[in-house]
Amino acid sequence: MTTEWVLVILYLVGCVGIGVVASRRAQGSGDEYWVAGRRIGTAVNATAIMASLASGGSIIGVMGLAYQTGVPATLALFAGAVLGFPLASLLVARPLRNFGKYTITDFLGHRYAHGIVRALVPILIVVAFTTYMVAQLKAAGITAEALLGVPYEQAVVLATVVFILYVSLGGMLAITWTDVVQGALMLALVLGTALVMVLRAGSPLALIGEATAAAPALGQVAGQPVSHYLGHFVIWATAIPVMPHIVMRVYTARDARGARMSLNLAMLAYSALILAAVFVIVPVGKLGFPELVDADRVFLEVMRAEFPPAIRGVAVAAVLAAVMSTTDALFLACASAIAHDLVGGALGVQLRPRAAAWVRNLATVALGGLALAWALSPPELLSRFYTAGIGLLSAGLFVPLIAGLWWKRANRAGGIAALVVGSGSYVALLLFGAPWGLSPILLALPASALAMIVGAWIGGRDPGAVIDAVARLHAD
Amino acid sequence: MTRGSRPFERVSASPSPGAALRSRLPHGLPVAWRGLPIAAAARYRDPLVRDFFPMRRDEAATLAILIVAAALAFLPGLRELEFLGVAAFGWAMAGLMILSPALALWIVVRDRGERRDRDRDHDRDHDRDHGPGDGGAEGR
């Protein structure tokens, strides 16, 4: 336990140290703070993107889910996110990077210039991402409690203070540097563990064959209707191109090609991480520990049985890294939604650089406080809340963004209608239930698209200058 | 003069394989009607396509492949089939997780290679016309 403690304390101090070092550059301007001066190279950006997406759920959760519900059901949930990245690369990365601002609200507010868009988009982001952050903080608390014996409340407070310090000090640059360390740690741990297991077993196919022979349910599709899997798949596939913390990573790249390359490299690494966990580590866990009551402990049990304490310490740090690398990116995206989009955009307050720095630091602290207060007494079905939050983002923003970038007839009326109908219908379907047992997203997205078409038809074409400006975003 | 080097030179007297195949198709409809669906589709397709900003053909093809692959992965029959103890649905999802980023990455890498070749050709042409060291890379 001492080794594990020392490694975790070193890791947390290192994160704050990175924030302090990065603050020298980050506090200089909005460009430096929000998008790290747009100088992030492809390999670094790819690792940071992978780390931002791979949350605590991607290490502990994915293995627990596969152990409990089987390999196919688990992959159906994660494959949607993996498909979302090529969609982002093909549809969004080049024009948004050429647009060259900070947030998704910047583009939507410019394309559909109206107060409703400039106010509603950041509100949707804050609502959706606050639930996501609370879920991550809860995961950090549970992990620290289970692995280090720290009381849940103390662990959550400590994690939040560390986040607030390095995000408010170092902005995107600090997040990128810490995410690179965290991403490398996660990849090394999961792929390294899987490699050791494969070398021992001879081949991954032998391993999965042996495990499914002993526990056939591991390879079978759990008894959920197809629409359940399809709903999760569609939510993540359509959410990735509009997720603010992913879009901000597009803006940090040196150019459009670097942004696209980073997105796809990140996804190859993420796929390798998930597939190694599901096809190698879970079968080993199923064979070694077939009767686990808490499925989420499968990875930790495998680590405990197979590796010495120093490696277990790295495992604890890697799980915390997974949680932290996602949460810090969410913190920054939410802070940008308040300080940049709402205060600077919707309210139109022009601030001097020093005052702008104060506002974004206050926004980070306020969000941290809100998330902390909620995480100290989280609702029981938090994972449902945050999946619903991501669905809300997807239902509200996907059609306006993609149509705004690619459809010449998209106009302000269509954009507002798609935004309001998409998010409104999703909330209504969640509250009152979707017909025919369908997932709400499968109806909200078509409703949003229909609203866009009707709005475009009623509102008439945008002026040629607007269309020309969007056309220029597609240039190589 | 080599075969086929003159404009409009007829290189073969035999009909193309496509024409040969079409001549053997059953002729249930009057000749004028047979092209009608294609003409109608083209007539409606063009204004629709013009309403979108153009996408490179390889990128559009990648997008189509990914959407079709995702749709095929959800076919109901794949839930029952098993290979090495895992349902085909699971293998399809795993395949999609590798195919989608790999395909999109290949497009970006290929684009980068083409751009580099184009820049090199441009520099060579410029050097040939103006001599080397005459600001060959300007404007890039």
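1. Buried area is the accessible area, taken with a 1.4 Å probe, that two parts lose on being put together, summed over both. This is a predicted model. Between chain A and chain B the buried area is about 4,000 Å². Carbon and sulfur atoms give 74% of that area.

2. Contacts between the chains. On one side, 50 residues of chain A take part; on the other, 38 residues of chain B. Within chain A, the residues that lose the most area to chain B are A:Leu90, A:Arg257 and A:Trp406. Together these three account for 17% of what that side buries.

3. The rule finds three salt bridges between chain A and chain B. In one salt bridge, the side chain of A:Arg461 meets that of B:Asp51, at 3.1 Å from N to O.

4. Which helices build the chain A side? At least two residues each come from α5 (71–99), α9 (204–214), α10 (226–239), α12, α16 (382–406) and α19 (464–473) of chain A. The largest share belongs to α5(A), with 14 residues. By class, the side of chain A that touches chain B has 34 nonpolar, nine polar and seven charged residues.

5. Salt bridges overall. Over all chains, the rule counts eight. One of them joins A:Asp179 to A:Arg249, with the closest N and O atoms 3.1 Å apart. This pair links distant parts of the chain. A:Asp179 sits in helix α8 (residues 152–201) of chain A, and A:Arg249 in helix α11 (residues 244–252) of chain A. The two residues are 70 residues apart.

6. Helices α12 and α13. Two packed helices are described by the angle between their axes and the distance between the axes. In chain A, the axes of helix α12 (residues 256–288) and helix α13 (residues 298–306) come within 9 Å and cross at roughly 75°. Angles from 65 to 115 degrees count as roughly perpendicular, so α12(A) and α13(A) are roughly perpendicular to each other. From α12(A), A:Ile281, A:Val284 and A:Gly285 make the contact. They meet A:Val298, A:Phe299, A:Val302 and A:Glu306 of α13(A). The contact has five nonpolar residues, one polar and one charged.

7. Helices α10 and α18. The axes of α10(A) and helix α18 (residues 440–459) of chain A come within 8 Å, crossing at roughly 50°. These two helices are therefore oblique to each other. The α10(A) side of the contact consists of A:Ser227, A:Leu230, A:Gly231, A:Val234, A:Ile235 and A:Thr238. A:Ile441, A:Leu442 and A:Leu445 come from α18(A). Six of the contact residues are nonpolar, three are polar and none is charged. Helix α10 of chain A also supplies at least two residues to the side that touches chain B.

How values were computed:
Residues are numbered from 1 along each chain as its sequence is written. Chains are lettered from A and ligands numbered from 1 in the order in which they are written. This is a predicted model: local features need pLDDT of at least 70, side-chain atom pairs count only at pLDDT 80 or more; totals for chains, interfaces and linings use all residues. Side-chain values use heavy atoms; hydrogens and water are left out. Axes are lines fitted to C-alpha atoms, for helices over the stretch in contact, and angles run from 0 to 180 degrees between N-to-C directions. Helices (H or I, at least four residues) and strands (E, at least two) are DSSP runs, numbered from the N terminus. Angles under 35 degrees count as roughly parallel, over 145 as roughly antiparallel, 65 to 115 as roughly perpendicular and the rest as oblique. Contact means heavy atoms within 4.5 Å. Ala, Val, Leu, Ile, Met, Phe, Trp, Tyr, Cys and Pro count as nonpolar, Asp, Glu, Lys and Arg as charged, and the others, Gly among them, as polar. A salt bridge is a side-chain nitrogen of Lys or Arg within 4 Å of a carboxyl oxygen of Asp or Glu.
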